[in-house]
Amino acid sequence: MAKAATKGTNKAAAKPAAKMAKPAAKVTAAKMSAKAVKPAAKAAPKATAKAAPKATAKAAPKATAKAAPKATAKAALKAKPRPANRPAVKLSMLRPSVNNMTVRVFTRAAGLDHAETDAWGQTRTPEFLARNPAHLTPMIEDKGLPRGVLWESCAIMQYLANKHGLDKFYPKAPAKRAMVDSAMFYLVGTLYPYVARATYPALGFPQYAGEVGHSDAHPDKKSEAQKAAIAAIAEPLEVFHSFFRDGKPFIGGNNPSIADIRLAATLEFLAVIDYALPKWAKDYMAAIEKKLGKAYAEPADDVRGYIAHVKAQATA
Ligand SMILES: N[C@@H](CCC(=O)N[C@@H](CS)C(=O)NCC(=O)O)C(=O)O
């Protein structure tokens, strides 16, 4: 009983934990990355282990033992702790990254209890590599996974949505789900590489091996490659608008799906090069932020803060 109460009420801890993630705009990039969000899972049991069992153990039996069966049975059910079906999600993440922002927005928007660990400077340590040889974040840890960990932002959202029955973000109907999957694969395979080539030089992120930006080529050649990538963004962007949204507010219909979270987060990076987003894209991003509120704004602030920081450095 005490165990169930503790776990069930853990969900409430998602809020305080999210609050602890201070907006990056107020701190330097170095401070920002060093700052760890305190795990929500740690805080919750303290409060709940004491409070919840008392409340439920006393209140519910009394009420049900007396006459009024219907009303009290309902009340007792309400007072009952939620079953332990949503254990805390352990997430290793990097604050300035939109791949990470994606999962950080999703866990908040879905109301999943989560504990974030800042992995800045840690992804290539022997300890991290032993768990995740791809050294990539976002990464979640979950006992139910065959290897204990999972990386790739879209796979993480798909897994968590499946595990917790979050159909609102990831529809179950095969045809609708296929569209969400298609949009996400198209993003990761086509749009994101253009966005990375266009923005990573300005963000100060390492570029991918084999690309001009990663080579010893003359700076003019690198600049040419970056311009070509910037020019290439418009086409896939329009595909998201005309094909995937197809007149709907979001790819997911009236509510943002995991593909919408992935797309909006990706577009955040374009601010670093002052990319002129079409009006629909600006409206779309504003609509997602409005719909998801703090769940979107808090992780977005970390990315925006980093962008403001690198832009200030560039003009200093
Ligand atoms: N396609 C992956 C990209 C993940 C990725 O590139 N992660 C970067 C941060 S943006 C990372 O963790 N890099 C650390 C490293 O390579 O050591 C996703 O969507 O999750």
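# Close-up views of a predicted model

**Figure 1. Overview of the protein chain.** The protein chain has 13 helices and four strands. The model shown is a predicted one. Of its 316 residues, 36% count as buried. Among contacts in the protein chain with a separation of 6 or more, 71% are between residues 24 or more positions apart.

**Figure 2. The four-stranded sheet.** The four strands form an open sheet with the order β2-β1-β3-β4, and the pairing is mixed. Its edge strands are β2, residues 114-118, and β4, residues 149-151, each of which pairs on one side only. On average, and with direction ignored, neighbouring strands of the sheet are turned by 25° against each other.

Figure 3. Strands β1 and β2 run parallel and are joined by five bridges. Within this pair, Ser92 has Thr117 in β2 as its bridge partner. Strand β1 is mostly covered, with four of its five residues buried. Helix α6, residues 98-109, lies across β1 (89-93) and β2, and runs at about 155° to β1.

**Figure 4. Strands β3 and β4.** Strand β3 covers residues 139-141 and is joined to β4 by three bridges; the two strands run antiparallel. Opposite Met139 stands Trp151 of β4.

Figure 5. The phi of His135 is positive, near 45°, in a residue other than glycine. Most peptide bonds are trans, and most residues other than glycine have a negative phi. His135 counts as partly exposed because it has 15 C-beta neighbours inside 10 Å, a count between the limits of 12 or fewer for exposed and 20 or more for buried.

**Figure 6. Asp274 in the loop between α11 and α12.** Asp274 lies in the loop that runs between α11 (258-268) and α12. The phi of Asp274 is near 50°, a positive value in a residue other than glycine. Asp274 has 9 C-beta neighbours inside 10 Å and therefore counts as exposed.

**Figure 7. The crossing of helices α12 and α13.** Helix α12 spans residues 279-292 and helix α13 spans residues 294-315; their axes come within 6 Å and cross at roughly 115°. On the α12 side the contact is made by Ile288, Glu289 and Leu292, and on the α13 side by Ala295, Tyr296 and Ala297. Five of the residues in the contact of α12 with α13 are nonpolar, none is polar and one is charged.

**Figure 8. The largest nonpolar core.** This core has 61 residues, of which Val105, Phe106, Met157, Ala183 and Ile258 touch the most other members. Helix α9, residues 174-203, gives the largest share of the core, ten residues. The core lies between domain 1 (2-7 + 27-55 + 83-164) and domain 2 (174-315), because both domains give residues to it.

**Figure 9. Ile258 and its surroundings.** Ile258 has its place in helix α11. Ile258 counts as buried because it has 30 C-beta neighbours inside 10 Å, where the limit for a buried residue is 20 or more. With residues up to four places away in sequence left out, Ile258 touches Phe106, Met157, Gln158, Ala161, Phe169, Tyr170, Val180 and Met184. From Ile258 to Val105 the separation is 153 residues in sequence and 9.6 Å in space, C-alpha to C-alpha.

**Figure 10. Ala183 and Val188.** Ala183 touches Phe240, Phe244, Ile251 and Ala259, with residues up to four places away in sequence not counted. Ala183 is also one of the core residues that touch the most other members. Val188 is found in helix α9. Val188 has 17 other C-beta atoms within 10 Å, so this residue is partly exposed. Val188 and Cys154 lie 34 residues apart in sequence, with 8.7 Å between them in space, C-alpha to C-alpha.

Note on methods
Residues are numbered from 1 along each chain as its sequence is written. This is a predicted model: local features need pLDDT of at least 70, side-chain atom pairs count only at pLDDT 80 or more; totals for chains, interfaces and linings use all residues. Two strands pair if DSSP finds at least two bridges between them. Axes are lines fitted to C-alpha atoms, for helices over the stretch in contact, and angles run from 0 to 180 degrees between N-to-C directions. Two residues are in contact if their C-beta atoms, placed from the backbone, lie within 7 Å. Ala, Val, Leu, Ile, Met, Phe, Trp, Tyr, Cys and Pro count as nonpolar, Asp, Glu, Lys and Arg as charged, and the others, Gly among them, as polar. A nonpolar core is a set of buried Ala, Val, Leu, Ile, Met, Phe, Trp, Tyr and Cys residues joined through C-beta atoms within 7 Å. Domain bounds come from an automatic or database domain assignment.
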